[in-house]
Amino acid sequence: MNFLEEKILLDGVIKEGNILKVDSFLNHQIDIDIMRQIAYEFQRRFRGIKISKILTIEASGIAIATLLGNLYDVPVVFAKKSETANSTDDKYVSHAYSFTHKKMNNVFISKPYMHATDKVLIVDDFLADGQAMHALIDLVHQAGGEVAGVGIAVEKGQQQGGRILRGEGYRVESIAIIDSMDWQTQTIRFRQQPERKLENAQLKAL
Ligand code: 5GP
């Protein structure tokens, strides 16, 4: 079991409706040590891939994206959400249905922050049906940029987002993949992933 799976078993709470609450370390209080380990794990998994920018969506992806941006030393952009689309002249705008809030959001990036020359690593806290991720990919493509990869902390493998994105040819790396979870017994089954250890130099820096 990897560090994130262990943390989820320790501190995650399963809610009715297929929702995993991880407020104590990711969605409300932020555990910096876990964020650092997530960032190192993404850097390790995407080693050798050139990126010029990290993209996420407000709010919970920002902590992960910031620590990763620090490792890569590249700018971090977070797409903003709004219920209304005002002028679209100066923005790239896409749309995503929110699984947790059960409503449609406009998702946008101001044009100066995404370019045709950008190679973008997109990260987020959760992947469920892939709505948020598809909106982010759409924004990169509207700017003419390239999606270099998709990094997810927690993928809910029983929902379709991961399968669809991989089928579309995106490289999706999820640190924890949940195959099933049961709110009544508070049990989670993770998808088996190859065991990987952080290298000594990385551990020293933690
Ligand atoms: P998707 O767009 O892939 O359907 O859902 C991903 C988004 O919904 C993520 O940005 C995340 O904020 C939220 N989300 C989806 N499922 C969960 C969940 O089980 N727990 C939490 N905390 N957020 C979730």
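Predicted model: local features only at pLDDT ≥ 70, side-chain atom pairs only at ≥ 80, totals over all residues.

Visitor: Why is Asp73 called exposed?

Guide: Asp73 has a relative accessibility of 70%. The cut-off is over 50%, so Asp73 counts as exposed. Asp73 sits in the loop between H4 and strand E4 (76–82).

Visitor: What makes the phi of Asp73 worth a remark?

Guide: Asp73 is not a glycine, yet its phi is positive, at about 60 degrees. Most residues other than glycine have a negative phi.

Visitor: Is Gln186 called exposed or partly exposed, and why?

Guide: Gln186 has 39% relative accessibility. Gln186 is in the loop between strand E9 (172–182) and strand E10 (187–190), and has a positive phi of about 55 degrees without being a glycine.

Visitor: What makes the bond that joins Glu58 and Ala59 a cis peptide bond?

Guide: Its omega is about 0 degrees. Most peptide bonds are trans. Ala59 belongs to the loop between strand E3 (53–57) and helix H4 (61–72).

Visitor: What is the volume of the largest pocket, and which residues are the closest to its centre?

Guide: The volume is about 720 Å³. Of the 28 lining residues, Lys81, Ser98, Thr100, Asp125 and Phe126 are the closest to the centre. E7 contributes the most to the lining, with 4 residues. The lining holds 13 nonpolar, 9 polar and 6 charged residues.

Note on methods: Residues numbered from 1 in each chain as written. Heavy atoms only, no water. 1 Å grid on protein atoms, 1.4 Å probe; cavity = no way out; pocket = protein on both sides within 12 Å on 5 of 7 lines; lining within 4 Å. Points joined across faces, edges and corners; volume = space filled by probe spheres on them. Helix = DSSP H or I, 4+ residues; strand = E, 2+ residues; numbered from the N terminus. Nonpolar A, V, L, I, M, F, W, Y, C, P; charged D, E, K, R; others polar. Buried < 20%, exposed > 50% of the residue type's maximum accessible area, 1.4 Å probe, protein only.
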